[in-house]
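Hi everyone, thanks for making time. I'd like to walk you through one structure today, starting at a single residue and then stepping back to the whole chain. Here it is on the screen.

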Amino acid sequence: MSELLNKQYRLAKRPVGEPGDDTWEFCEKPVAQPGADEVLVKIQYVSLDPAMRGWLNEGKSYIAPVQIGDVMRAGAVGEVIASNHDGFSPGDMVVGTLGVQQYAICNGKELHKVDTRIAPAPRYLGVLGMPGMTAYFGLLDTGKPQEGETVVVSGAAGAVGGVVGQIAKIKGCRVVGIAGGAEKCRYLTEELGFDGVVDYKNEDVMAGLKRECPNGVDVFFDNVGGDILDAVLARINLHARIVICGAISQYNNTKPVKGPSNYLSLLVNRARMEGIVVFDNSKHYGKAAMEMAGWMSAGKLKAKEHVVEGIENFPNTLMMLFSGDNFGKLVLKVADN
C-alpha cells in the first residue's frame, strides 16, 4: 500500500474560541499495511458533528480529548480494501470512528458493516448513525414523550433535531421546532411535518414560543443552550422533561459558559433536566436502527444530508455547524474519484 498517499488532518494546537487554520496540520503520509486482526478502509464520507469542538478541549469529559498530533477524531463510512480480520473482506462497506482522513487502519472490533443497497453511505452517519441514535434514545428514554404532549426542539433543522421532531410526531405529540431562517422553517413544517416553528434569526423567541406553545412545553430537546434554553424554561409545564443534548451556542465561547438564569422554573414546575450521551446506549443501537429503518420504509421518517466535497475543505466545512450554514446532516466527501 506504500504507493497510496493518505491525506489527513491532525490536531496542531488546542483552540481558544473558534478553531482557526493554526488548529490543524494537513498531512500526506504513505498508507501502511494492516497488521494482525486489522482492516484497511478507504474512507468515502466523514461525519462532521458539533461534538467535535468539545473533543478539542483538554479536561475531563465523557470521552478523552483528541491529543495534539493525533488525527482528528470523526465518524466515517468507507470500503474495506485490505483485511487481516476474519469478519471483513475487501469490498465490505463499514462505519466506525475512522478520523478525518482518506484511509484508516483499525481493529475489526471497532467497525460495523453497513448495507449501501438499503440506504446511501452518508445516511449511516446521520439518521442511521450517531445523530439518529442520539435522537432516538435522548427523546424516547430521557424525554419520555406521551401522546398529546408538546415537544420543542432547538437546532431543529440539524442532524439530531430533525430526527427528534419526526419521532415525536410518530409518537403522537405536537412538535415545535426552533431553527434559523425561513427556508429551514419551511422545511420543518412542509417536509418533516412539524406543527409549528420559531425562527430565532427573524423573531423574538419568547414571543414565538408563546404563539406556538399556548399550552406550555412538556418536553424540550435542547441542542443549543444559552438564551434559547432560558426562553423555553419560561414556558415549561408541570413535570416537564428537559433533555440536554448539546449547547452549540456556547462551544466557541472565550468566556465561561452561560448557564440558565430561569433554572428556578425547574423547581416551581417540579421538572427534570438531564444530560444525555449517545454512547451510553451502544448495546441497543441495533434495535433502534431496525425501528428507524422501518419508519423510513413506511415514509414516516425522512433524512437530509448536506454533502461538501474535498478533504481540503474540512476546516471551513466544520465551521458551518456553528454559523448555522449547514442544512441537514453535514458530511464531508473525502474519497478521490
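Setting aside neighbours within four places in sequence, Thr-134 is in contact with Leu-139, Val-160, Phe-221, Cys-245, Ile-276 and Val-278; contact here means heavy atoms within 4.5 Å. A quick word on the source: this is a predicted model, where local features need pLDDT of at least 70 and side-chain atom pairs count only at pLDDT 80 or more, while totals for chains, interfaces and linings use all residues. Residues are numbered from 1 along each chain as its sequence is written, and side-chain values use heavy atoms, with hydrogens and water left out.

So where does Thr-134 sit? You'll find Thr-134 in helix α2, residues 130–143; helices are DSSP runs of H or I with at least four residues, strands are E runs of at least two, and both are numbered from the N terminus. Thr-134 counts as buried because its relative accessibility is 8%, and buried means under 20% relative accessible area, with a 1.4 Å probe and protein chains only.

Now let's step back. Buried residues make up 52% of the 337 in the protein. The protein has nine helices and 15 strands. Of the contacts between residues at least 6 apart in sequence, 66% join residues at least 24 apart. And the overall dimensions? Along its principal axes, the C-alpha trace spans about 65 × 45 × 35 Å.

That's my tour, and I'm happy to take questions!

How values were computed
Buried < 20%, exposed > 50% of the residue type's maximum accessible area, 1.4 Å probe, protein only.
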